Amino acid sequence: MVYAERVLPNSIEAEEGVIGSLLLDGEMTGKMHDLEARDFFHEPCRRCYEVCEELQKRNDVIDQLTVANELARRGQLADIGGNGYLNSLIAALPTSLHAEGYADIVRRLSVFRGFIEAASELAALGYGQGEVEESLRRGEALLGKLRDRAAVGGLTTLRMLLDKFLEEMAGAVLPEPMGQRKAAVPTGLGDMDQLLGGLHAGELVIVAARPTVGKSALVVNIARNAAAQGARVGIVSLEMSNDQVRDRMLASETGIDTHRLRLHLYSDDETRRLVQTAGKLSDLEVYMDERVMQTVKGIASWARQIRERGQLDLLVVDYLQLIQGTSGRAQDRVQEVTQISRELKMLARSLGIPLLVCSQLNRQVEGRANHRPMLSDLRDSGSIEQDADVVMFIHREELYTTPEQWEVTHPETPYPSGVAEIIVAKHRNGPVGSLWLRFNGRLARFEDLPMGVDGDGVVTGR
């Protein structure tokens, strides 16, 4: 092949510019836009960046001394040229202000090298002449990985999704969006805002439950409510597609269930209601990302893209256990989740916004006589409890108790059909307690109930 004799795309100046910038200012690691060690073509730069990533994960200072010490500990300092090489990187760089530009060059050239590598693998599939369907599957997987790697963002707004929905119906023209920043982001649920005081900057807020209990519905409701109050919201949905998130918002607003929305089964009156609601929701500044195989670093890069367009007030991630780790070893999943939860907390602090994250619970909940979740039920890692500022559980007794059983044990209390207890089990900066919401699964909607909590987390009735 002609390109086999050519030098692969690379820029040693840009790579050394990135490393020199990090040695001058270690805080620049947060602005590397999804850059990874594999993006570096030159071995000394790649090893230095691997060390910077490790120091960042440990929350250690990044400078020439710490990088040199870590390289020496790994037995790699001499291989890259010793302290003299690190000195030369700093001496050649007067400032770290252009670090992001250098990083973009490194990443772009890495993508181009990926094209060449993918072409070689596709050629091998062609020459191999194996099963056509299997070869196509492998080829599509190769191209899919390359597409995800090449796409720094893929910003999709709720407006775009609603435009698509309306085009299928009538092609309505929608008004311009709005956006106002709030000091504390409201959840739009009165008792929750009373207990938490809203969602606060730099906090990691975990919403945990077993599957099908409603955690995705709750965070989407909160995202919509916050956006309606003028917040700019980002939603990273690793479980649902963007269209599914859009349909949940439409169902919650219009009272038309998601199944009928998906099949376009609605009356003329409901059609008018959908058009009006879509117009109203289009005013909300909500950005969505549905890419799978996301890492915390990828989520951070996507969130910073939104910030480049203006303020970001709330980031929602659904859900934690679907975030990819970096070790690639399944047996280290507990350690990976530990690292992921710490990185999420660091991301909330670095962005200066609340980070609302769904989490699964382990199966121990199902095996107990009392099915109300506890902090020890958080799946895969105790570090989630440690890193989170707020941990909320969703408990619905109707999933575990029949009306007949409830009548025997609670003869004077109505059966809790459609009632969700939100258990605030951890609140680093305030009280804990329980509050109750009405949950309509058909519409994926949570609403306030006339029960709540007082300032000390004590349950009250109204």
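Biologist: Why does Asp269 count as partly exposed?

Modeller: Its relative accessibility is 44%. Buried means under 20% relative accessible area, exposed means over 50%, and partly exposed is in between (1.4 Å probe, protein chains only), so Asp269 at 44% lands in the partly exposed class. Bear in mind that this is a predicted model, where local features need pLDDT of at least 70 and side-chain atom pairs count only at pLDDT 80 or more, while totals for chains, interfaces and linings use all residues. Residues are numbered from 1 along each chain as its sequence is written, and side-chain values use heavy atoms, with hydrogens and water left out.

Biologist: What makes Arg272 and Asp269 a salt bridge?

Modeller: Their closest N and O atoms are 3.8 Å apart. A salt bridge is a side-chain nitrogen of Lys or Arg within 4 Å of a carboxyl oxygen of Asp or Glu, so this pair qualifies. They sit 3 residues apart in helix H13, which means about one helical turn separates them.

Biologist: How do you know that the span of H13 agrees with its number of residues?

Modeller: Helices are DSSP runs of H or I with at least four residues, strands are E runs of at least two, and both are numbered from the N terminus. The expected span is 1.5 Å times one less than the number of residues. For the 14 residues of H13 (268–281) that should give 20 Å, and the end C-alpha atoms are 20 Å apart, so it agrees. Buried residues in H13 include Glu270, Leu274 and Leu281.

Biologist: And how do you know that for H11?

Modeller: The 13 residues of H11 (242–254) should span 18 Å, and the end C-alpha atoms are 18 Å apart, so that agrees too. Just after H11, Gly255 takes a positive phi of about 80 degrees.

Biologist: Why do Arg246 and Asp247 count as buried?

Modeller: Arg246 has 5% relative accessibility, so it counts as buried. Asp247 has 9%, so it counts as buried as well. The two form a salt bridge, with the closest N and O atoms 3.0 Å apart.

Biologist: What makes E2 and E6 a pair of strands?

Modeller: Two strands pair if DSSP finds at least two bridges between them. E2 (residues 204–209) and E6 have 6 bridges, in the parallel sense, so they pass. Val207 has Cys358 in E6 as its bridge partner. E5 (residues 314–318) also runs parallel to E6, with 3 bridges, and Leu315 stands opposite Leu355 in E6.

Biologist: What makes E6 mostly covered?

Modeller: In E6 (residues 355–360), 6 of its 6 residues are buried. Leu355, Val357 and Ser359 are on one side, with Leu356, Cys358 and Gln360 on the other.

Biologist: Which parts of the chain does the Glu421 and Arg372 salt bridge link?

Modeller: The closest N and O atoms of Glu421 and Arg372 are 2.6 Å apart. Glu421 is in strand E8 (residues 419–427) and Arg372 in the loop between H16 (364–367) and H17 (383–387), 49 residues apart, so the pair links distant parts of the chain. Glu421 counts as buried at 9% relative accessibility, whereas Arg372 is partly exposed at 31%.

Biologist: How many salt bridges does a search of the whole structure find?

Modeller: It finds 24. As for the whole chain, the secondary structure comes to 18 helices and 12 strands, and buried residues make up 50% of the 462 residues.
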